[in-house]
Amino acid sequence: MKTATVSTPGKIILFGEHSVVYNKKGIASAIDKHSTVKIKENTNEFISLFLKDFNIRTRIRIEEAVSFAEEIKTLASEKKFDQIKKLSKNPINPIKAVIGTTINKDKNPSSFDMVISSRIPKTGGLGSGSSVFAGVSATILSLSGNRINKKKIAENAYLGDVIAHAGTPSGIDTSTVTYGGFIEYKKTTGVKPLKIKSPLLIVIGDTGIPARTKTAVTQVRRMLEEKPLQVKRVLEEMDSIAEEGIRQVKENNFEMIGKLMNENQECLRGLRVSHPKLEKLIKASLRAGALGAKLSGGGKGGIMIALAESKAMQKKIARSIENTGGKAIITTIGVEGVKREGL
Ligand code: PMV
């Protein structure tokens with residue numbers, strides 16, 4: 001019986017969360033925290049799934065997963081976002097959709113046992129869901145002897161985020177965790193690797209309050225419908241910040257990157273996706289000397305990131321975050337994307 005294990009990183013967004021949903025530019029990076037998906041071919045009628053971190057076990061028929069994936073694609077194309085939002089409450093559903101769409105396109109589907117676990121904090125904002133979706137697709141593809149095909153994996157994983165984000169994900173999360181490194185992203189043109197001269201020193205501050213990506217994305221969509229001129233102006237501003245961010249990241253101009261992060265955060269406040277605890281951790285980081293700080297991901301909870309100019313400063317920021325009631329994470333960014341283990 002064939003087996004495979006795939007490990008996939010999480011991610012942070014340096015510039016452009018929310019505006020990327022509206023085809024503006026974003027910059028993101030993979031982080032050195034991973035999810036793991038293990039697959040083992042079986043001869044049963046059922047796919048058996050074990051979500052270790054949730055202690056959930058379930059069995060799914062192949063045909064059921066395939067038709068579920070089709071149903072989600074139809075709901076998304078008909079913009080039935082409320083129905084998709086309801087389905088997002090069950091953590092099995094996005095995984096079932098990714099399994100369904102991957103198997104449907106695969107010539108030789110077989111049944112399997114799958115075990116999913118993750119070391120990516122689940123507060124939200126670090127791509128824990130997207131990372132698992134990419135791993136699920138990659139393991140199934142490797143069962144049929146396929147080499148890692150990142151384009152296919154990112155496409156299949158995207159359907160998981162359609163459910164997790166209630167309808168309109170930009171694709172930045174699934175692309176970042178799949179391709180790894182630093183990426184430039186735009187919905188209609190996709191991924192472009194971003195070459196950097198030396199690594200950015202980031203501190204992640206976890207609020208411990210679950211991010212509410214679905215709510216935040218839905219709220220921004222409604223705001224855009226209600227106040228199109230005002231919101232479009234903010235989105236345009238975020239696009240220019242990301243555009244400038246790309247130039248400054250390539251130049252390693254840390255001071256400018258920090259300044260742009262602060263400006264990006266001001267726009268996110270304007271979209272009302274921040275949270276008092278995020279603001280507290282951002283202030284604490286800036287007080288400790290961070291060059292810039294902003295929320296990262298969907299917001300309304302979840303995580304923030306701060307940029308440091310030295311390793312000593314990184315530690316100082318981390319202490320300040322912890323003293324303010326957050327959990328500080330210092331980790332390497334720009335790491336490799338989805339990969340098969342043991343090869
Ligand atoms: O909260 P996360 O890590 O899933 O990030 C969401 C990023 C958004 O830009 C808000 C949504 C998207 O699909 O790009």
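Let's start at Gln 265, which sits in helix α9. Helices here are DSSP runs of H or I with at least four residues, strands are runs of E with at least two, and both are numbered from the N terminus. Before going further, a word on what you're looking at: this is a predicted model, where local features need pLDDT of at least 70, side-chain atom pairs count only at pLDDT 80 or more, and totals for chains, interfaces and linings use all residues. Residues are numbered from 1 along each chain as its sequence is written, and side-chain values use heavy atoms, with hydrogens and water left out.

Back to Gln 265. Is this residue buried or exposed? Gln 265 has a relative accessible area of 1%, so it counts as buried. For that label, buried means under 20% relative accessible area, exposed means over 50%, and partly exposed is in between, using a 1.4 Å probe and protein chains only. What does Gln 265 touch, leaving aside residues up to four places away in sequence? Its contacts (heavy atoms within 4.5 Å) are Ser 274, Glu 279, Ile 282, Ala 293, Lys 294 and Leu 295.

A salt bridge here is a side-chain nitrogen of Lys or Arg within 4 Å of a carboxyl oxygen of Asp or Glu. Glu 279 makes one with Arg 269, at 2.9 Å from N to O. This pair links distant parts of the chain, with Glu 279 in helix α10 (residues 276-287) and Arg 269 in helix α9, ten residues apart. Arg 269 is partly exposed, because its relative accessibility is 29%.

Lys 259 pairs with Glu 263, and their closest N and O atoms are 3.3 Å apart. Why are the two separated by about one helical turn? Because Lys 259 and Glu 263 are four residues apart in helix α9 (residues 254-270). Lys 259 is partly exposed at 45% relative accessible area, and Glu 263 is also partly exposed, at 29%.

While we're around helix α10, have a look at Pro 276, which lies in that helix. With 62% relative accessibility, Pro 276 counts as exposed. Pro 276 and Gly 301 are 25 residues apart in sequence, and their C-alpha atoms are 8.5 Å apart in space.

Now let's move to helix α8, where we find Leu 235. At 3% relative accessible area, Leu 235 is buried. Leu 235 touches Ser 19, Tyr 22, Lys 24, Leu 224 and Leu 271, again not counting residues up to four places away in sequence. There's a C-alpha separation to look at here too: Leu 235 and Val 21 are 214 residues apart along the chain, with 9.9 Å between their C-alpha atoms.

Glu 236 is partly exposed at 42% relative accessible area, whereas Lys 24 counts as buried at 15%. Elsewhere, Lys 25, Glu 184 and Glu 243 are linked in a network of salt bridges. How many salt bridges does the structure hold? The count is 15.

Asn 252 isn't a glycine, yet its phi is positive, at about 60 degrees. Asn 252 is found in the loop between α8 and α9, and at 18% relative accessibility it counts as buried. Lys 79, another residue other than glycine, has a positive phi near 55 degrees. Lys 79 lies in the loop between α1 (62-77) and α2 (81-87) and is exposed, with a relative accessible area of 61%.
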